[in-house]
Amino acid sequence: MEQHPIVGTWALVASEWKRADGKHANPFGEGSVGMLTYDRARFMAAQIMHAERPPMPGGAPTIDQAFASAVPGFLAYFGSYEVDDAEGVVIHTVVASSFPPWVGGEHRRRFRIEGDRLTLSDDLDAADGVAVAASTVWHRVA
C-alpha cells in the first residue's frame, strides 16, 4: 500500500483566522511555533505555542505551578486520523488534549498539499458567535 503524502512531520509556518466581521482572531499570534505529525499507523499529534507565551516567574516551579501555567498559550492534542481524499478532508479523532472539550471528538479539516506545504482549514464560530475561516500552513520537516 502506498504511503499517503500527508504522512510525515510538519512545522508551523503560519496560522490565520479571518473573522467575518473583520476583527483580529488569531489566538496564537505572529511567530507562533508548532509541530504536526501523521504516522503510517494512522496516529497523529499536534502542538502549537503562542510566540509571546510568558515564562514562569521565580525560578523552578512546583509541579502544581507548572501544570497551572501549562495551558495558557499552548494547544496540544493527539489521536488517530483518517484521510478522505474524495472530499479533501483529514479527520482527527482526539484521544487526549490540553483543551478538554476536544477529548473524544472528531475534527474535520480540509487539506491541501502543494510540494512541501500542507494547509489545513476549517470554518469555526468564535466565542461571540461570529464566523471564522481558520487555516494553518505547515512545512514538511526533512
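Mentor: A residue is called buried when its relative accessible area is under 20%, exposed when the value is over 50%, and partly exposed in between. The model is a predicted one.

A pair of aromatic rings is described by the distance of the centres and the angle of the planes. For Y38 and Y81 the centres are 4.8 Å apart and the planes stand at 70°, so the pair is edge-to-face, the term for angles over 60 degrees. The pair joins distant parts of the chain, since Y38 belongs to strand β2 (residues 33-38) and Y81 to strand β4 (residues 74-84), 43 residues apart.

A further edge-to-face pair is made by F99 and W102, with 5.6 Å from centre to centre and 85° between the planes. F99 is partly exposed, because its relative accessible area is 39%. Together with Y77, F99 and W102 make up one aromatic cluster. The model has three aromatic pairs by the rule applied.

Y38 leads on to the core. The largest nonpolar core has 20 residues, and L36, Y38, L118, L120 and W138 are those that touch the most other members. Strands β1 (8-19), β2, β3 (43-49), β4, β5 (89-97) and β7 (117-125) each contribute at least two residues to this core. Beyond its neighbours within four places in sequence, L118 has contacts that include L36, Y38 and W138, as well as I6, W10 and F111. In soluble globular proteins, nonpolar side chains tend to be buried together.

How values were computed
Residues are numbered from 1 along each chain as its sequence is written. This is a predicted model: local features need pLDDT of at least 70, side-chain atom pairs count only at pLDDT 80 or more; totals for chains, interfaces and linings use all residues. Side-chain values use heavy atoms; hydrogens and water are left out. Rings of Phe, Tyr and Trp (its six-membered ring) pair if their centres lie within 6.5 Å; planes under 30 degrees apart count as stacked, over 60 as edge-to-face and the rest as tilted. Helices (H or I, at least four residues) and strands (E, at least two) are DSSP runs, numbered from the N terminus. Buried means under 20% relative accessible area, exposed over 50%, partly exposed in between (1.4 Å probe, protein chains only). A nonpolar core is a set of buried Ala, Val, Leu, Ile, Met, Phe, Trp, Tyr and Cys residues joined through side-chain atoms within 4.5 Å. Contact means heavy atoms within 4.5 Å.
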